[in-house]
Amino acid sequence: MSATKKARTQPPYELLYWPGIPGRGEFIRLAFEAAGVSYKDVANESEDGMKVISSLTDQSSTGSDGNPPTFAPPALRIPGEGKNGAALLIYQTPSILAYLGDKLGLGGADEAEKAWILSHTLTALDLNNEAHDTHHPIAVAKYYEDQKDESVKKATDFRENRIPKFLGFFERVLKGNEAQGQGKFLVGDSLSYADTTVWHVLSGLEFAFPKEIAARKKDYPTLFRAFYDSVKEAKGIKEYLGSERRKPFSMGVFRHYPELDRQ
Ligand SMILES: N[C@@H](CCC(=O)N[C@@H](CS)C(=O)NCC(=O)O)C(=O)O
């Protein structure tokens, strides 16, 4: 990304996430891209990105530079921002987004907005996690093929009950904020990391469950028209989505197994 004036006033952020897939790292990427702030996507820019991320979560580590160990990616490393001038290392998607919120101008205008933005983000990440569990309902470390029967049951409930509950909720949030947000923003009158997070989950659901989402879109007109289109076209996001930094969905959180979609 080209160095902007804003980018030069920011520390050299390093995103640590599995290479080659959007995954949960995408929520962090979208925030940086929307803000026009540069960041290093360490594993995607390394020769051996898998190794970099495996060593990050080395199960014998007790941490370094005054930081605790990292449980799972994504993590964010910020040189110079940690204890005694060392690098700060933080993990957990919502913790990283909350840390970046103010710094990137995506965190809300006041205390109330900040709290709502975090709440909506956590709700969207719950939906993201439930989408993951449709193909891994029994064991995270086992193959999908070894838990296919349970996946079909889990996905059926997810499509029939959970998708409409979550999407209906976000539609109501947009309606409730219509005077300020015009259907484009979940909170206040400008883009927040809650918007980019909900948007990415919607795009993932469309990839994973195309028939289900096609059938349901009309029930959530604000979410799938004003909101979805405006985030997609937002400054920074539009250019990013057309770039090769945006990795295609494949075998990450959102996977397309036709047998798990509406039949
Ligand atoms: N709640 C965590 C979940 C992190 C997570 O599950 N990361 C995945 C990649 S998307 C992973 O590699 N997990 C390894 C594990 O849980 O053992 C977050 O949002 O950051």
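Glu14 lies in strand 1, which spans residues 13-16, where strands (E, at least two residues) and helices (H or I, at least four residues) are DSSP runs numbered from the N terminus. The model is predicted, and for that reason local features need pLDDT of at least 70 and side-chain atom pairs count only at pLDDT 80 or more, while totals for chains, interfaces and linings use all residues. Residues are numbered from 1 along each chain as its sequence is written, and side-chain values use heavy atoms, with hydrogens and water left out.

With a relative accessible area of 17%, Glu14 counts as buried, a term that means under 20% relative accessible area, as against exposed at over 50% and partly exposed in between (1.4 Å probe, protein chains only). Val37 and Lys103 are 66 residues apart in sequence, and their C-alpha atoms are 9.7 Å apart in space.

Lys103 also takes part in a contact with a ring, for it lies over the face of Tyr99 at 4.1 Å from the ring centre; a charge sits over a ring if NZ of Lys or CZ of Arg is within 6 Å of the ring centre and within 35 degrees of the ring normal.

Ring-to-ring contacts come next. A search of the whole structure finds 9 aromatic pairs, where rings of Phe, Tyr and Trp (its six-membered ring) pair if their centres lie within 6.5 Å, and where planes under 30 degrees apart count as stacked, over 60 as edge-to-face and the rest as tilted. The rings of Phe158 and Phe209 have centres 5.5 Å apart and planes at 45°, so this pair is tilted. The pair links distant parts of the chain, since Phe158 belongs to helix 6 (residues 148-176) and Phe209 to the loop between helix 8 (193-208) and helix 9 (210-216), 51 residues apart. Phe158 is buried at 2% relative accessibility, and Phe209 is buried with a relative accessible area of 2%. Phe169 and Phe170 form an edge-to-face pair, with 5.4 Å from centre to centre and 65° between the planes; Phe169 is partly exposed at 27% relative accessibility, whereas Phe170 is buried at 1%. Elsewhere, ring pairs link Tyr13, Phe32 and Tyr39 into a cluster.

The residues around the ligand include Tyr17, Trp18, Phe71 and Gln92, each with a heavy atom within 4 Å of the ligand. An oxygen atom of the ligand is 3.2 Å from an N or O atom in the side chain of Arg24, and an oxygen atom of the ligand is 2.8 Å from an N or O atom in the side chain of Thr93. A polar backbone atom of Pro73 is 2.8 Å from a nitrogen atom of the ligand. The protein covers 67% of the 500 Å² of accessible area that the ligand has on its own, as computed by the Shrake-Rupley method with a 1.4 Å probe.

For the protein chain as a whole, the secondary structure comes to 11 helices and 4 strands, and buried residues make up 49% of the 263 residues.

Key
Polar contact = N/O pair within 3.5 Å; in protein donor to acceptor, adjacent residues only side chain to side chain.
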